[in-house]
Amino acid sequence: MSQLQNYGTTLSGVRLSVVIVCKDEQRTIGRVLESVKPLAWEVILIDSGSTDKTKDIALSYGVTPIHQDWLGYAAQKNLAISKTTGDWYLSLDADEEITPALAEEIKATFAKGVPEGVNGYKIPRLFYIGETLVKRGGFYPDSQLRLIRKGSGQFKDRIVHESISITGQAIELHTAMNHYAYRDVDHYEQTMDKYARLSADHYFSQEFKPWRASIINETIHPVWTFFYRYIVRQGFLDGALCLKLNLIYADYVRKKIYYLRKLVESKKQKA
């Protein structure tokens, strides 16, 4: 067990484990660990080989990182969950900060008692580029299942964009966490290209359907994505920054189709 120094908080008799997987997250890990102080029974931090100050920052909060070579997004998070001793766990990315208002809502949720059959809570996220909030254009509420009763589910095996599946019902909380996802626009663009390649690998190896790799899909899907996010989800109201982000996201959609088609063509050439 890796506890925050001088902590070991219980919430109306509920022990809440915080689980985080990370590598080279010195930009955000301190604010994340600080934010869970009012909630955490323990913190399980799985580090896959940080070379920056991530581990030193964690140790300053009384958290001893557990080293594990990278197993993949889902497997790494499931490993962290397996090490928890609490009744519930809060699964956070290393750039997701619990706001004081959200901490109070989580406390109140356990204080009034979890309804029968409810095994999870979804949490909305406020999306930041650097320190700039981007709330329109499809970036909010982006609710994620993060607060989960121990033993009710685990992350599904996907190469990228892993999600957790639980038994029972999930309810959405009202208060958002802060998601300090990217340093700047360039970081966002680079990461989306990485995700496009990983997504193509996933659909090629696990969920392949011919239409996914078609020229028609590559032409129509990005255009619709941009229209939906920039017009329907009112990205145009967030100025030039949201325009750039929506264009990058639409191009991400195009790229993952393009990369998938290239994988299919390569397989045919080798056959």
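**Entry 1: the start of α5**

I began at the N-terminal end of helix α5, which is capped by D184. I found a side-chain oxygen of D184 lying 3.3 Å from the backbone nitrogen of D186. I am noting here that I am working with a predicted model.

Next I checked the length of α5, which runs over residues 185–205. How far apart should the ends of its 21 residues be? At 1.5 Å a residue the helix should span 30 Å, and I got 30 Å between its end C-alpha atoms, so the two agree.

While on α5 I looked up L198, which is found in this helix. Is L198 buried or exposed? Its relative accessible area is 19%, and the cut-off for buried is under 20%, so L198 counts as buried.

**Entry 2: the largest pocket**

I turned to empty space. Rolling a probe the size of a water molecule over the atoms shows where such space is left.

The largest pocket holds about 1,500 Å³ of space. I noted 43 residues in its lining, and those nearest its centre are D93, D95, Y182, T191 and Y195. Which elements give two or more residues to this lining? My list has the strands β2 (14–22), β8 (125–129), β10 (144–149) and β14 (177–182), together with the helices α3 (73–82), α5 and α7 (239–270). My helix from the first entry turns up again here: α5 gives seven residues, the largest share of the lining.

I then sorted the lining of the largest pocket by class. I wrote down 18 nonpolar, 11 polar and 14 charged residues.

**Entry 3: the second largest pocket**

About 180 Å³ of space lies in the second largest pocket. Its lining has 13 residues, and H221, Y249, Y252, V253 and K256 are the ones nearest the centre. The elements that give two or more residues to it are α5, α6 (215–232) and α7. Which element gives the largest share? It is α6, with five residues. By class I have six nonpolar, four polar and three charged residues in this lining.

**Entry 4: cysteines**

How many disulfides does a search of the whole structure find? I got zero. C22 counts as buried because its relative accessibility is 7%. C242 is buried too, with a relative accessible area of 0%.

I stopped at the loop between β9 (132–134) and β10, where P141 is found. The peptide bond from Y140 to P141 is cis, and I read its omega as near 15 degrees.

D142 is found in that loop between β9 and β10 as well. Its phi is near 45 degrees, a positive value in a residue other than glycine. With a relative accessible area of 30%, D142 is partly exposed.

I also looked up D24, in the loop between β2 and α1 (29–35). What is its phi? I have it near 55 degrees, again a positive value in a residue other than glycine. D24 has a relative accessible area of 34%, so I put it down as partly exposed.

Technical notes
Residues are numbered from 1 along each chain as its sequence is written. This is a predicted model: local features need pLDDT of at least 70, side-chain atom pairs count only at pLDDT 80 or more; totals for chains, interfaces and linings use all residues. Side-chain values use heavy atoms; hydrogens and water are left out. Helices (H or I, at least four residues) and strands (E, at least two) are DSSP runs, numbered from the N terminus. The expected span of a helix is 1.5 Å times one less than its number of residues. A polar contact is a pair of N or O atoms within 3.5 Å; within protein, one must be able to donate a hydrogen and the other to accept it, and residues adjacent in sequence count only if both atoms are side-chain atoms. A disulfide is a pair of cysteine sulfur atoms within 2.5 Å. Buried means under 20% relative accessible area, exposed over 50%, partly exposed in between (1.4 Å probe, protein chains only). On a 1 Å grid over the protein atoms alone, a cavity is a set of points where a 1.4 Å probe fits but cannot get out, and a pocket is an open set with protein on both sides within 12 Å along at least five of seven lines; lining residues have an atom within 4 Å of a point. Grid points are joined across faces, edges and corners, and a volume is the space filled by probe spheres set on the points. Ala, Val, Leu, Ile, Met, Phe, Trp, Tyr, Cys and Pro count as nonpolar, Asp, Glu, Lys and Arg as charged, and the others, Gly among them, as polar.
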